[in-house]
Amino acid sequence: QEPGEEVTAKLTLVDLAGSERAKKTGAEGTRLKEGININKGLFVLGQVVSSLSELGQNSVSCESGSIHVKYRDSKLTRLLQDSLGGKPLDSFVPFFRKSYLCF
């Protein structure tokens, strides 16, 4: 790094609360739809992370077409696309808390 060179960083925080099982929470209406969308986003996020790990293990690039990373399948992965893949200095650190009442 040169003196006076500008360094930028990006921090993305995502709250995924509300991803419990709908039957156990008794959610209805808008809250039910919100929970369904959060669960869909989490499912797609898992697929994206899995695809990226396959790319890393096989040393295959996205351009080769052998593995497709489906960032566009949910709003969550579309928003996190820059943070999930691309730059070599990116980090993705998930934090999970298991709720025994809702799973």
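This is a predicted model: local features need pLDDT of at least 70, side-chain atom pairs count only at pLDDT 80 or more; totals for chains, interfaces and linings use all residues.
**View 1. The whole chain, element by element.** Starting at the N terminus, the protein chain reads α-α-α. Residues are numbered from 1 along each chain as its sequence is written, and side-chain values use heavy atoms, with hydrogens and water left out.

View 2. Of the 103 residues in the protein chain, 18% are buried (under 20% relative accessible area; exposed is over 50%, partly exposed in between, with a 1.4 Å probe and protein chains only). Among contacts (heavy atoms within 4.5 Å) with a separation of 6 or more, 49% link residues 24 or more positions apart.

**View 3. Ser51 and its neighbours.** Ser51 sits in helix α2, residues 29–58. It counts as buried because its relative accessibility is 13%. Leaving aside residues up to four places away in sequence, Ser51 touches Ile67, His68 and Val69.

**View 4. A positive patch on the surface.** Lys40, Arg72, Lys75 and Arg78 come together here as a patch of positive charge (residues with over 30% relative accessible area and no salt bridge, like charges joined within 9 Å; a salt bridge puts a side-chain nitrogen of Lys or Arg within 4 Å of a carboxyl oxygen of Asp or Glu). Arg78 belongs to helix α3, residues 75–84, and is partly exposed at 45% relative accessible area.

Key. Helices (H or I, at least four residues) and strands (E, at least two) are DSSP runs, numbered from the N terminus. Patches are made of residues with over 30% relative accessible area and no salt bridge: like charges are joined within 9 Å, nonpolar side chains (Val, Leu, Ile, Met, Phe, Trp, Tyr) within 5 Å. Accessible areas come from the Shrake-Rupley method with a 1.4 Å probe; for residues, only the protein chains shown count as cover. Lys and Arg count as positive and Asp and Glu as negative; His and the chain ends are not counted. The place of a charge is taken as NZ of Lys, CZ of Arg, CG of Asp or CD of Glu.
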